[in-house]
Amino acid sequence: MLYVIGLGLSDERDITVKGLDAVKSCERIYLEAYTSILMVEKEKLEAFYGKSVTIADREMVESDSDTILNNAQNVNVAFLVVGDPFGATTHTDLVIRAKELNIPVQTIHNASIMNAIGACGLQLYNFGQTISMVWFTETWRPDSWYPRVKENRDIGLHTLVLLDIKVKEQSLENMARGRLIYEPPRFMTVNCCVEQMLEIEESRGENAYGPETLAIGCVRLGTPTQLFISGTMAQLLDEDFGEPLHSLVIIGKRMHVMEAEMVRSFCPEKYQVKFDEIYKRDYE
Ligand SMILES: C[S@@+](CC[C@H](N)C(=O)[O-])C[C@H]1O[C@@H](n2cnc3c(N)ncnc32)[C@H](O)[C@@H]1O
């Protein structure tokens, strides 16, 4: 059996009871550690499971999945994913390959960044397409996500923006030696994301959003230091959101009064006058 198991968002104790039972029954355990990062060292996971864990990098998962699936017709193998295995990044390739090899697959779900949708006070019904933001370089400033935000905004929908994570080669090697956060990977901040988005709006000038567009920084969701800060995009530029992981929600015009009340509750006092002004002007 291949068990595809979500680890949740916080630490080793977020795994479900069913997930933990499955892990304990497995001969081999792989941890996918490049699409999202659990803020806990591999040793802690191993101590909690009483089993050793192998870090599966992108190369292994995408090009060498038969190593993970080896003999899973006869023994149990666990593939652990931070968050939910099908939240944002899906691991359908691995599941399809397992099915081709007649390996039974069982998924054990968990909390995911997708929970940001309700947790930040907005409603699933009012969300449009999700986008991912990558780091700009001097010569590469991709904006293929922009039309999707514009489409969402044109029909009043909110946009969940997932932010880039860079796990350095060096860091992966260290991870393989058993230290998940030896040389820390880089995480994009809400500030960097907003700055890049405003730069692209400025250059395209299609008015999909702007400095006065309301947004919510959603950080460390599901952890004890979870934080939501709402304000205009310009205001969020100056906020200190602290430790990773960060995500952003761009609020659409179709904001129900209940949603607005929750969003306002995440607004620092210093921003509330502006929030009320924009709400009165654009939403009522
Ligand atoms: C590919 S997605 C996550 C997929 C993961 N399997 C899940 O279900 O959550 C990775 C991105 O989601 C966001 N993210 C993940 N966990 C988060 C958290 N606890 N708080 C805020 N953002 C988070 C970050 O922007 C991160 O770069």
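**View 1. Asp84 and the residues it touches.** In this predicted model, Asp84 touches Gly6, His109, Asn110, Ala111 and Ser112, leaving aside residues up to four places away in sequence. Asp84 itself sits in a loop. That loop runs between strand S4 (77-81) and helix H5 (92-100).

**View 2. Asp84, a buried charge without a salt bridge.** Is Asp84 buried or exposed? Asp84 is buried, yet has no salt bridge. The nearest side chain of opposite charge is Lys18, and Lys18 is 13 Å away. Which backbone atoms does the side chain of Asp84 reach instead? One is the backbone nitrogen of Phe86, at 2.7 Å. Another is the backbone nitrogen of Asn110, 3.0 Å from a polar atom of the Asp84 side chain. Asn110 is also among the residues that Asp84 touches.

**View 3. Lys150 and Asp154, a pair within one helix.** Side chains of opposite charge can pair when their charged atoms come close. Here the side chains of Lys150 and Asp154 form a salt bridge, at 3.2 Å from N to O. Both residues belong to helix H7 (residues 146-154). They are four residues apart, so about one helical turn separates them. Asp154 is exposed, with a relative accessible area of 52%.

View 4. The side chains of Lys166 and Asp164 meet at 3.2 Å, N to O, in a salt bridge. Lys166 counts as partly exposed, at 38% relative accessibility.

**View 5. Lys270 and Glu239, a link across the sequence.** Lys270 forms a salt bridge with Glu239. Their closest N and O atoms are 3.1 Å apart. Lys270 lies in helix H12 (residues 269-283). Glu239 lies in the loop between helix H10 (233-237) and strand S12 (246-250). The pair therefore ties together parts that are 31 residues apart in sequence. Lys270 is exposed, at 58% relative accessibility. Glu239, in contrast, is buried, with a relative accessible area of 12%.

**View 6. A network of salt bridges.** Which residues do salt bridges with shared partners join into one network? They are Glu212, Lys274, Glu277, Arg281 and Asp282. How many salt bridges does a search of the whole structure find? The search finds 15.

Conventions
Residues numbered from 1 in each chain as written. Predicted model: local features only at pLDDT ≥ 70, side-chain atom pairs only at ≥ 80, totals over all residues. Heavy atoms only, no water. Helix = DSSP H or I, 4+ residues; strand = E, 2+ residues; numbered from the N terminus. Buried < 20%, exposed > 50% of the residue type's maximum accessible area, 1.4 Å probe, protein only. Lys, Arg positive; Asp, Glu negative; His and termini not counted. Salt bridge = Lys/Arg side-chain N within 4 Å of Asp/Glu carboxyl O. Polar contact = N/O pair within 3.5 Å; in protein donor to acceptor, adjacent residues only side chain to side chain. Contact = heavy atoms within 4.5 Å.
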